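Thanks for making the time this morning.

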Amino acid sequence: ESVEEALWREAREELGIVDFRSVRIAVYPFQSERERELVYVHRTVWDGSVTPSAELAGGRFWSREELVAATGKGILTPNFESEMKLLFSTEK
């Protein structure tokens, strides 16, 4: 399965999003004490409904300010915090 095929499958299965265009914005290795993985980051604009699957514990949209405020407090995953620092300025 290609990265793009996995992206389409996961977006459909976990969020109910289909027939979208994505743009790859980064590829980077992430390593923590628990794991090492090659991360592909994509973005899209979606104007339809988002329906989290039962596989997810729920979902919500976060503002940039909420994400910055949550950084370093054990709320976000280490991978996500690493990605925020890599791709966006998270300084207050």
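Predicted model: local features only at pLDDT ≥ 70, side-chain atom pairs only at ≥ 80, totals over all residues.

**Overall layout**

Let me begin with the contacts: residues 24 or more positions apart account for 39% of the contacts in the chain with a separation of 6 or more, where contact means heavy atoms within 4.5 Å. Residues are numbered from 1 along each chain as its sequence is written, and side-chain values use heavy atoms, with hydrogens and water left out.

The chain has three helices and two strands, which follow the order α-β-β-α-α from the N terminus; helices (H or I, at least four residues) and strands (E, at least two) are DSSP runs, numbered from the N terminus. Along its principal axes, the C-alpha trace spans about 35 × 25 × 25 Å. The accessible surface comes to about 7,200 Å², with 52% of it belonging to carbon and sulfur atoms, and these areas come from the Shrake-Rupley method with a 1.4 Å probe, for residues counting only the protein chains shown as cover. Of the 92 residues, 21% are buried, and here buried means under 20% relative accessible area, exposed over 50%, and partly exposed in between (1.4 Å probe, protein chains only).

Which residues make up the largest nonpolar core? They are A26, Y28, F30, V39 and V41, five residues in all, a nonpolar core being a set of buried Ala, Val, Leu, Ile, Met, Phe, Trp, Tyr and Cys residues joined through side-chain atoms within 4.5 Å. Strands β1 (23-31) and β2 each supply at least two residues of this core, and the largest share, three residues, comes from β1. If we leave aside neighbours within four places in sequence, A26 is in contact with V39, Y40, V41 and L87.

Turning to helix α3 (residues 78-87), the buried positions there are N79, E81, E83 and M84, and the buried residues of this helix pack against β1, β2 and α2. N79 counts as buried because its relative accessible area is 13%. Beyond four places in sequence, N79 is in contact with Y28, F30, E37 and V39, and its side chain makes a polar contact with the side chain of Y28 at 3.4 Å. A polar contact is a pair of N or O atoms within 3.5 Å; within protein, one must be able to donate a hydrogen and the other to accept it, and residues adjacent in sequence count only if both atoms are side-chain atoms.

**Salt bridges**

How many salt bridges does the structure hold? There are five, each being a side-chain nitrogen of Lys or Arg within 4 Å of a carboxyl oxygen of Asp or Glu. R24 forms one with E4, the closest N and O atoms being 2.5 Å apart. Since R24 lies in strand β1 and E4 in helix α1 (residues 3-15), the pair ties together parts that are 20 residues apart in sequence. R24 is partly exposed, at 38% relative accessible area, as is E4, at 37%.

The side chains of E1 and R9 also meet in a salt bridge, at 2.8 Å from N to O; E1 counts as exposed, at 65% relative accessibility, whereas R9 is partly exposed, at 25%. E1 and R9 belong, together with E10 and E13, to a network of salt bridges. A further bridge joins E66 to R60, with the closest N and O atoms 2.8 Å apart.

**The loop between β2 and α2**

I will finish with W46, which is placed in the loop between β2 and α2 and is partly exposed, at 30% relative accessible area. Not counting residues up to four places away in sequence, W46 touches I17, V18, D19 and F20. The side chain of W46 also reaches two backbone oxygens, that of G48 at 3.2 Å and that of S49 at 3.0 Å.

F61 is found in the loop between β2 (36-43) and α2 (64-70), and it counts as exposed, at 71% relative accessibility.
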